[in-house]
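I opened my notebook to write down what I could look up in this structure.

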Amino acid sequence: MNILLSNDDGVNALGIKVLYQALSQFANVTVVAPDRNCSGASNSLTLLNPLRAETLENGFISVNGTPTDAVHLAISQLIKPLPDLVVAGINKGANLGDDTLYSGTVAAATEGRHMGMPAVAVSLAGKDELHYETAASVTASFIKHLVKHPLPADQIININVPDIPLSELKGIKVTRLGHRHQAETMKRMLDPWNRDIYWYGSLGLELDAGEGTDFHAVSNGYASVTPLTVDMTAYKSIESMSQWINQLTL
């Protein structure tokens, strides 16, 4: 199996190194990742500046762009033969619920799917970065089973693993995305020259975090595996909107 491994924390992040070691035990892994931390980059592309790729001493390829850039460039120009699978992670911190919309990790996996490859995103749900090996073990086990259980063409997989020892992990649950309350507004502060600066506030509190959600699984010691569709069409609204859309005056 040939795997393209990327992330949004940057090519030198600990998470991608740990996952590379785990996946290399059974697959041919090529790392192509951003040259810096791109957390929150979502599916952004670098359109106004040229992209450059540099091979580092450890064989990883560093790209001066976003996670989406790295995956797109790897598949379209850098990797021969093409990968069988795109994996993004291990992200520092969770990508749960609404946060998946902003995640560069999930975006890297999404770009893999847009380029025609099955794709998996994986995150370590915790702030201490103590147990990347747990997330790597879950991911490796999941990927080995994809041979017999291939992903549908319109989906990617979003894995979140609590930052605990593998021996304490209670298991793996298939989940849906939960939801948060509205995030706190931006905070205004002053820089040393008494000028206004602004910082994003903290994440909103969990609103929909009951049993069956990714929030609930991780908070209760389970790894969360959430199938995500790349088709964002709100199908339930098509019929109801069609009943009044022709009344618009043009």
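This is a predicted model: local features need pLDDT of at least 70, side-chain atom pairs count only at pLDDT 80 or more; totals for chains, interfaces and linings use all residues.

**Entry 1: a buried asparagine in a strand**

I began with Asn91, which is buried, at a relative accessible area of 5%. I used the cut-off that buried means under 20%. Asn91 sits in strand E5.

Next I looked up its contacts. Beyond the residues within four places in sequence, Asn91 is in contact with Asp8, Asp9, Thr105, Val122, Ser123, Leu124 and Tyr132. I also found that the side chain of Asn91 reaches the backbone oxygen of Gly93 at 2.8 Å.

**Entry 2: the annotated positions**

Which residues does UniProt list for "binding site"? The unreviewed entry names Asp8, Asp9, Ser39 and Asn91.

I looked at Asp8 next. Asp8 is in the loop between E1 and H1. Is Asp8 buried or exposed? Its relative accessibility is 2%, so Asp8 counts as buried. Leaving aside neighbours within four places in sequence, its contacts include Arg36, Ser39, Pro67, Asn91 and Thr105.

Asn7 also lies in the loop between E1 and H1. With a relative accessible area of 1%, Asn7 is buried. The side chain of Asn7 reaches the backbone oxygen of Gly10 at 2.8 Å. Not counting residues up to four places away in sequence, Asn7 touches Ala13, Ile16, Ala33, Pro34, Pro67 and Gly89.

**Entry 3: the sheet**

I traced the strands. Nine of them form an open sheet with mixed pairing, in the order E3-E4-E2-E1-E5-E6-E7-E13-E8. Which strands are at the edges? They are E3 (53–55) and E8 (171–174), and each pairs on one side only. On average, neighbouring strands of this sheet are turned by 25 degrees against each other, direction ignored.

I picked one pair to follow. E7 (residues 155–162) and E13 (residues 222–229) pair in the antiparallel sense, over six bridges. Here Ile156 stands opposite Leu228 in E13.

Helix H1 (residues 14–23) lies across E1, E2, E5 and E6. H1 runs at about 135 degrees to E5.

**Entry 4: the nonpolar cores**

I went looking for nonpolar side chains. In soluble globular proteins, these tend to be buried together. The largest nonpolar core here has 33 residues. Which of them touch the most other members? They are Ile3, Leu19, Leu23, Val31, Val87, Ile90 and Ile159. E1, H1, E2, E5, E6, H4 (132–145), E7 and E13 each supply at least two residues of this core. H4 gives the most, with six residues.

A second, separate core has 20 residues, including Leu4, Ala70, Ile79 and Val106.

I also listed contacts of Ile3. Not counting residues up to four places away in sequence, Ile3 touches Leu23, Ala27, Val29, Leu85 and Ile143, among others.

**Entry 5: another buried asparagine**

Asn160 is in strand E7. At 0% relative accessibility, Asn160 counts as buried. What does its side chain reach at 2.8 Å? The side chain of Asn160 reaches the backbone nitrogen of Asn95. Among its contacts beyond four places in sequence are Ala94, Asn95, Ser123, Val218 and Tyr222.

Before checking angles, I noted a rule. Most residues other than glycine have a negative phi, and most peptide bonds are trans.

Which bonds did I find to be cis? The bond from Lys80 to Pro81 is cis, with omega near -5 degrees. Pro81 is in the loop between H2 (67–78) and E5. The bond from Gly89 to Ile90 is cis too, with omega near 0 degrees. Ile90 lies in strand E5.

Then I turned to phi. Glu129 has a positive value, near 55 degrees. Glu129 is in the loop between E6 and H4. Its relative accessible area is 27%, so Glu129 is partly exposed.

Last, I looked at a hairpin. E10 and E11 form it, with five residues between them. Four bridges join these antiparallel strands. Leu190 stands opposite Asp196 in E11. Asn194, in the turn, has a positive phi of about 65 degrees. At 58% relative accessibility, Asn194 counts as exposed.

Note on methods:
Residues are numbered from 1 along each chain as its sequence is written. Side-chain values use heavy atoms; hydrogens and water are left out. Two strands pair if DSSP finds at least two bridges between them. Axes are lines fitted to C-alpha atoms, for helices over the stretch in contact, and angles run from 0 to 180 degrees between N-to-C directions. Contact means heavy atoms within 4.5 Å. A nonpolar core is a set of buried Ala, Val, Leu, Ile, Met, Phe, Trp, Tyr and Cys residues joined through side-chain atoms within 4.5 Å. Buried means under 20% relative accessible area, exposed over 50%, partly exposed in between (1.4 Å probe, protein chains only). A polar contact is a pair of N or O atoms within 3.5 Å; within protein, one must be able to donate a hydrogen and the other to accept it, and residues adjacent in sequence count only if both atoms are side-chain atoms. UniProt positions are given in the numbering used here, feature names are shortened, and annotations may be inferred rather than shown by experiment.
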